Amino acid sequence: MTLRPNSPEARDAAYHMHSYTNARALEKDGPLVLESGEGIRVTDNNGKSYIEGMAGLWSVGVGFNEKRLVDVAAAQMSKLPYYHNFTARSHGPVIDLAEKLIGMAPVPMSKVFFTNSGSEANDTIVKLIWYRSNALGKPEKKKIISRNRGYHGVTIVSASLTGLPNNHRSFDLPLPGILHTTCPHYWKEGQEGETEEQFASRCAADLDAMIQAEGPDTIAAFIGEPVMGAGGVVVPPATYWEKIQEVLAKYDILLIADEVICGFGRTGKMFGTETFGIKPDIMTMSKQLSSSYFPFSAFMMNDRVYQPIADESDKIGVLGHGYTGAAHPVGAAISLENLKIIEERGLVENAAAMGAIMRKGLDDLTGNALVGESRGVGLIAALELAAPEGMEIPVGQLGAKMSGYMMENGLISRAMGDALGFCPPMIITEAEVKELLDIVGTSLDALTKEILG
Ligand code: PMP
């Protein structure tokens, strides 16, 4: 494709280096330029409209033109456009939001720490856990266990926690002291003759063996998403979290639930931890916290985590950590209003109800020769394509082609290898779910015709 000189696409290709993009392909093909949003849809600069089947990056829960968020942002901008929380400063929006989040927590939590992105939150969590281990006189207790295919961000530490090859390769990651255990994806990792529960037991046994091999006194924490998102929407098998938590409790290892995608309704309950019976010590939150109308994130910790950290800061005289933009009054005001909207409009219940319809529709496609698995919970799902028996198709090719057909037909999805993710805004209606499913069906038909004739 040649880019029209001076077009937005050509200027973007000339000056803008993109995230998660093949830089050379972008120079040649340019980007998709989006101009506006309304409800569950976005429109590009040619006037073509798409259902945003991924809610942006799993994040725009309330849809793309929520006026209440715009108004609250404008009002806060006019009143106090910026302040920080260094050196014991605070402001109304952040006080209200911290209180609100602690009140919403599904298990007793003590304090909220604010950050700007999911990556930064997880990075900070690891730093504070190291600080805490030192405070407890256990300087050797620093290793963190994560999982293959887990996603926790892209800073040096959070990319190390992430268990995906593209986040490590050529970056000299993961850092030492960050370990990855078995991914709880039964369809891919389960062995011949193994039931889901036996597989869950094996995942827990693998974790136990890793802890034993490393030395239990060297492991500080385990981090996991209740449902893995960017690793391909992996819903763990029944009893998985129960068994993992038993292992962690045995060795005094903290549990971090990364709720960056799951939090605030996505799994059909307010938090993914509630859907799966997880009792975390720390919860990472972002994305649907502000519906991504503002870069904003936070984590909550219980007293077991907070108290030693507070003691250490008292001993040293200060907690030597914090970000200029964190606890931002505009982000906090937007987040508070966003949580109000989620509660007032029953969006968690809507995600559960619409998710059931969406997942049933995707399940109905599993008879297709190119569909390997349909999986999901609440309003987050994936349809994983697979080459039929006896056919060799390079990994990722079916996913990329399917994603291309869906784009053509007006639906933005995300291909993670051959798994197509579906995570639309939580305001979606039944008619819109049907429209989304129709596009998936039509696109799959086109792909099947292309591949199988
Ligand atoms: N944790 C999870 C579970 C995520 O899905 C993501 C982002 N996809 C992150 C952390 C990182 O968040 P950010 O991109 O805001 O740094």
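This is a predicted model: local features need pLDDT of at least 70, side-chain atom pairs count only at pLDDT 80 or more; totals for chains, interfaces and linings use all residues.
The domain assignment divides the protein into domain 1, built from two stretches (32–65 + 346–452), and domain 2, covering 68–344. Between the C-alpha centres of these two domains there is a distance of 27 Å. Where domain 1 and domain 2 touch, the contact draws 25 residues from domain 1 and 24 residues from domain 2. On the side of domain 1, the elements that each give two or more residues are helix H3 (55–58), helix H14 (347–363), strand S11 (371–377), strand S12 (380–385) and strand S15 (419–422). H14 provides the largest share of this side, with five residues. Sorted by class, the side of domain 1 that touches domain 2 holds 15 nonpolar, eight polar and two charged residues.

The packing of two helices is described by the angle between their axes and the distance between the axes. For H14 and helix H16 (residues 430–452), the angle is about 20° and the axes are 10 Å apart. Because angles under 35 degrees count as roughly parallel, H14 is roughly parallel to H16. The crossing of H14 with H16 is right-handed. On the H14 side, Met354, Ile357, Met358 and Gly361 make the contact, and they meet Glu430, Val433, Leu436 and Leu437 of H16. This contact of H14 with H16 comprises six nonpolar, one polar and one charged residues.

A second pair is formed by helix H9 (residues 196–214) and helix H10 (residues 240–250), whose axes come within 9 Å and cross at roughly 20°. With that angle, H9 is roughly parallel to H10. H9 and H10 cross in a right-handed sense. The residues of H9 in the contact are Ala200, Ser201, Cys203, Ala204, Leu207 and Asp208, while H10 contributes Tyr240, Lys243, Ile244, Glu246 and Val247. Seven nonpolar, one polar and three charged residues make up the contact of H9 with H10.

The last pair to consider is helix H4 (residues 67–79) with helix H13 (residues 329–344). Their axes come within 9 Å and cross at roughly 150°. Since angles over 145 degrees count as roughly antiparallel, H4 is roughly antiparallel to H13. H4 passes H13 with a right-handed crossing. From H4, the contact involves Arg68, Leu69, Val72, Ala73, Gln76 and Met77. From H13, the partners are Pro329, Val330, Ala333, Ile334, Glu337, Asn338 and Ile341. By class, nine nonpolar, two polar and two charged residues take part in the contact of H4 with H13.

Key: Residues are numbered from 1 along each chain as its sequence is written. Axes are lines fitted to C-alpha atoms, for helices over the stretch in contact, and angles run from 0 to 180 degrees between N-to-C directions. Helices (H or I, at least four residues) and strands (E, at least two) are DSSP runs, numbered from the N terminus. Angles under 35 degrees count as roughly parallel, over 145 as roughly antiparallel, 65 to 115 as roughly perpendicular and the rest as oblique. A crossing is left-handed if the near helix is turned anticlockwise from the far one by less than a right angle, and right-handed if clockwise. Two residues are in contact if their C-beta atoms, placed from the backbone, lie within 7 Å. Ala, Val, Leu, Ile, Met, Phe, Trp, Tyr, Cys and Pro count as nonpolar, Asp, Glu, Lys and Arg as charged, and the others, Gly among them, as polar. Domain bounds come from an automatic or database domain assignment.
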